[in-house]
Amino acid sequence: MSDPLTDVVSLLKPVPSISKRVTGGGGWRVERTEMGTPFYCAIVSGGCLLTPSARDPIRLEAGDFVLVPEIFDFVMTGLVPPEPQATPRWQEISPGVIRQGDPEAPTDVIMLVGHCSFASRDRSLLVSLLPDIVHVQGQARLMQLVQMIDEETRSGRVARDMVLGRLLELLLIEALRSTADTIVSPGMLRGLADPQLSIALREIHADPGRPHSVAALAKCAAMSRSTFYERFHRELGAAPMEYVTKWRMALARDMLTKKTAPIAEIAREVGYGSASAFSVAFARHTGRPPGAFANAQG
């Protein structure tokens, strides 16, 4: 049976960007705006406050890990924030090691911070399936993975980029599955945490070319059609067939980008009886027909 979480992370194609070790002390503050990139942070010792835009502060302490699949604006401070008018101070004390705040003040936090990107052309659709924020406490495996990414980033070893890409995939999967049953925001993880909905989700991912219907998926999940539809919509934030279509289009775009098969074959693999029906659906979803999309990928 297919694993939807692995499917989504693989299609996202995480690409390493920045990994750094940050220490802070003496009333420090970091503010970033208009980023639109994935962000993660692991607290090695001490603590700090992370405040994503339009959200309450998240208190992070030693052993905590936080992942924001798409962060635009955020503020990070010590547990005792500086005065609003205080001038931010920072310096790079060695390659990849940043000091925030007064360099002479006692260190109140040590953390490993990373940014990456998602190479998928369907990144917005795929990110929408994930929770807005993942906060995990006391998971040693996550801390180890972040440490390995940090060490690999600074190495000059062969195949470094490939190793970093695999480590990032592992980090995302481990973080997401660590909190699957505690996620508040609707999305794929909440669906996978539901024993009955997870069966339907795996059915969709295992065979996207099958002529799925609400009735058939409800039967697969051993639920009435109305109950299945309502619960699916509530837990995933999308109607069942809307989810099916989005997933089919994400797969189709990936196959067209890779040019793995002729358009007619791709149409069959993602559940369309003809190339023309697929072309209409694809153009409605992306704004251009599959042939033009494939040509634009070079």
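Predicted model: local features only at pLDDT ≥ 70, side-chain atom pairs only at ≥ 80, totals over all residues.
Let me begin with the record: UniProt, in an unreviewed entry, lists residues 198–296 as "domain: HTH araC/xylS-type", with positions given in the numbering used here and with the caution that annotations may be inferred rather than shown by experiment. Residues are numbered from 1 along each chain as its sequence is written, and side-chain values use heavy atoms, with hydrogens and water left out.

In the model, the span 198–296 is 74% helix and 0% strand, and its end C-alpha atoms lie 36 Å apart; helices here are DSSP runs of H or I with at least four residues, strands are runs of E with at least two, and both are numbered from the N terminus. The chain as a whole has 12 helices and 10 strands, and of its 298 residues 48% count as buried, that is, under 20% relative accessible area with a 1.4 Å probe and protein chains only.

Turning to helix packing, H9 (residues 240–258) and H11 (residues 275–286) pack at about 100°, with axes 11 Å apart, where axes are lines fitted to C-alpha atoms over the stretch in contact and angles run from 0 to 180 degrees between N-to-C directions. That makes H9 roughly perpendicular to H11, a class that covers 65 to 115 degrees. On the H9 side, Met 249, Ala 252, Arg 253 and Leu 256 meet Phe 278, Ala 281, Phe 282, His 285 and Thr 286 of H11, contact meaning heavy atoms within 4.5 Å. These residues divide into 6 nonpolar, 2 polar and 1 charged, with Ala, Val, Leu, Ile, Met, Phe, Trp, Tyr, Cys and Pro counted as nonpolar, Asp, Glu, Lys and Arg as charged, and the others, Gly among them, as polar.

Now to the strands, and in particular S5 (residues 64–71), which is mostly covered, since 7 of its 8 residues are buried. Which strands does S5 pair with, if pairing requires that DSSP find at least two bridges? S3 (residues 37–52) pairs with S5 in the antiparallel sense over 5 bridges, and Tyr 40 has Leu 67 in S5 as its bridge partner. S10 (residues 134–137) also runs antiparallel to S5, joined by 4 bridges, with Phe 65 standing opposite Val 136 in S10.

Conventions:
Parallel < 35°, antiparallel > 145°, perpendicular 65-115°, else oblique. Buried < 20%, exposed > 50% of the residue type's maximum accessible area, 1.4 Å probe, protein only. Pairing = 2+ DSSP bridges.
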